[in-house]
Amino acid sequence: MEKLSIIKIGGNIIEDEASLNTFLQLFANLEGHKILVHGGGKRATLIASKLGINSKLIDGRRITDAETLEVITMVYGGLVNKNIVAKLQALNIDALGLTGADINSIQSVKRPIQKIDYGFVGDVKQIASSSIDKLIQANFTPVFCAITHDKKGQLLNTNADTIANTIAAGMSRIYDTSIYYCFELNGVLQDFNDKESVIKHINAESYKELLEKGIISDGMIPKIDNCFDALQNGVQKVYIGNTAMLTKENNNFTTITL
Ligand SMILES: Nc1ncnc2c1ncn2[C@@H]1O[C@H](COP(=O)(O)OP(=O)(O)O)[C@@H](O)[C@H]1O
Ligand SMILES: CC(=O)N[C@@H](CCC(=O)OP(=O)(O)O)C(=O)O
């Protein structure tokens, strides 16, 4: 099987021009087939506030009413995605920006209202792995934003970590697939005040302990849940760390296994 790397970058990297440029250079240098998935939650919150729209997130998930959906469509699908694509083109990577509606790549269903009404938030139902593979085989580099669709004409907001893990799970039938979750820290930390205290390896058992001790919290919980989900669905390797983990010399990051 050929190798495929799925790299996800979060809002803090996108917000910092220097970090973004450094990351994109490392991404461009990465050998083999690759897909980029980006978030941009921070920018969406910023632009929404400029438009007088308050942002509300519960457990890291954005409550997406009709107005917020307009903002995230403009910010993720437009501003952030097209800037990244242009920067990659400048690095001679033939990038193609996509939402889940493009080539019907990621179909989702609007999250049913249970205790909370998340509004226009989509839970991924299926990905079009063979269509995505056609792009890869044609030497295009897909760049996905955090937008999906329901195939009935409705765009939906989907967390970017979830997009990365579902694309990876779908593609793992065709490729030996790894996911790299890049964020601003060196990895999952044992002590949040010590940026060097990277936990090198987490499995299902040690994760339980880390949760109980409160060492892992906030956005890191759904991120690691996503990692286990991906591993259970055929993904070979999952890594969490800063962008330097894309270089061969660096081994200071967290590896997640079942
Ligand atoms: N033990 C931990 N190690 C590292 N980060 C942690 C830990 N526990 C909680 N976090 C939080 O998780 C956040 C990463 O999750 P998230 O904000 O969803 O990332 P992203 O920027 O990729 O969207 C970190 O910024 C940090 O505040
Ligand atoms: C449903 C939901 O919460 N969607 C996310 C999508 C963006 C995202 O995931 O961005 P980061 O990776 O930068 O956090 C949001 O709107 O914030």
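User: In which sense do β1 and β11 pair, and over how many bridges?

Analyst: Strands of a sheet pair through backbone hydrogen bonds, either parallel or antiparallel. Here β1 and β11 pair in the parallel sense over seven bridges. The bridge partner of Ser 5 in β11 is Ser 178. Two strands count as paired if DSSP finds at least two bridges between them. The element names follow DSSP runs numbered from the N terminus: helices are H or I runs of at least four residues, and strands are E runs of at least two. The model is predicted, so local features need pLDDT of at least 70 and side-chain atom pairs count only at pLDDT 80 or more, while totals for chains, interfaces and linings use all residues. Residues are numbered from 1 along each chain as its sequence is written, and chains are lettered from A and ligands numbered from 1 in the order in which they are written.

User: What is the order of the strands in the open sheet, and which are the edge strands?

Analyst: Eight strands form the open sheet, in the order β5-β8-β2-β1-β11-β13-β14-β12, with mixed pairing. Its edge strands, β5 (95-98) and β12 (201-202), each pair on one side only.

User: How many bridges join β5 to β8, and how many join β2 to β8?

Analyst: β5 and β8 run parallel and are joined by four bridges; Leu 96 stands opposite Pro 142 in β8. β2 and β8 also run parallel, with two bridges between them. For Val 37, the bridge partner in β8 is Phe 144.

User: Which residues of β8 point one way, and are they buried or exposed?

Analyst: A residue is called buried if 20 or more other C-beta atoms lie within 10 Å of its own, exposed if 12 or fewer do, and partly exposed in between, with the C-beta atoms placed from the backbone. In strand β8 (residues 141-144), Thr 141 and Val 143 point one way, Pro 142 and Phe 144 point the other way, and all are buried.

User: How do the pairings of β13 run?

Analyst: Strand β13 (residues 237-241) pairs with β11 in the parallel sense over five bridges. With strand β14 (residues 254-256) it runs antiparallel, over three bridges. Two residues of β13 show this: Tyr 239 has Tyr 180 opposite, and Val 238 has Ile 256 in β14 as its bridge partner.

User: Why does Tyr 239 count as partly exposed, and what is it in contact with?

Analyst: Tyr 239 has 19 C-beta neighbours inside 10 Å, so it counts as partly exposed. Contact means that the C-beta atoms of two residues, placed from the backbone, lie within 7 Å. Leaving aside neighbours within four places in sequence, the contacts of Tyr 239 are Tyr 180, Tyr 181, Met 245, Phe 253, Thr 254 and Thr 255.

User: Which residues of helix α2 are buried, and which are exposed on the other side?

Analyst: Helix α2 (residues 17-29) buries Leu 20, Phe 23, Leu 24 and Phe 27. They lie on the same side of α2 because they cover an arc of only 100 degrees around the axis, the arc being that of the directions from the helix axis to the C-beta atoms. On the other side, Ala 18 and Asn 29 are exposed. The cover over the buried residues of α2 includes β1 (3-9), α1, β2 (33-38), α4 (66-90) and β11 (176-182).

User: Where do the buried residues of α3 lie around its axis?

Analyst: The buried residues of α3 are Gly 41, Ala 44 and Thr 45. Seen down the axis of α3, they fall within an arc of 100 degrees, so they line one face of the helix. Among the elements covering them are α1, β4 and α4. After α3 comes Gly 52, with a positive phi near 75 degrees.

User: Which residues come nearest to ligand 1 and to ligand 2?

Analyst: A residue is near a molecule or strand if its C-beta atom, placed from the backbone, lies within 6 Å of it. Of the 17 residues around ligand 1, the nearest are Gly 10, Phe 183, Leu 189, Gly 219 and Met 220. The elements giving two or more residues to this shell are α1 (11-15) and α8 (220-232). Around ligand 2 there are 15 residues, of which Gly 11, Gly 39, Gly 41, Ala 146 and Ala 160 come nearest. Here α3 (41-50) and β4 (61-62) are the elements that give two or more residues.
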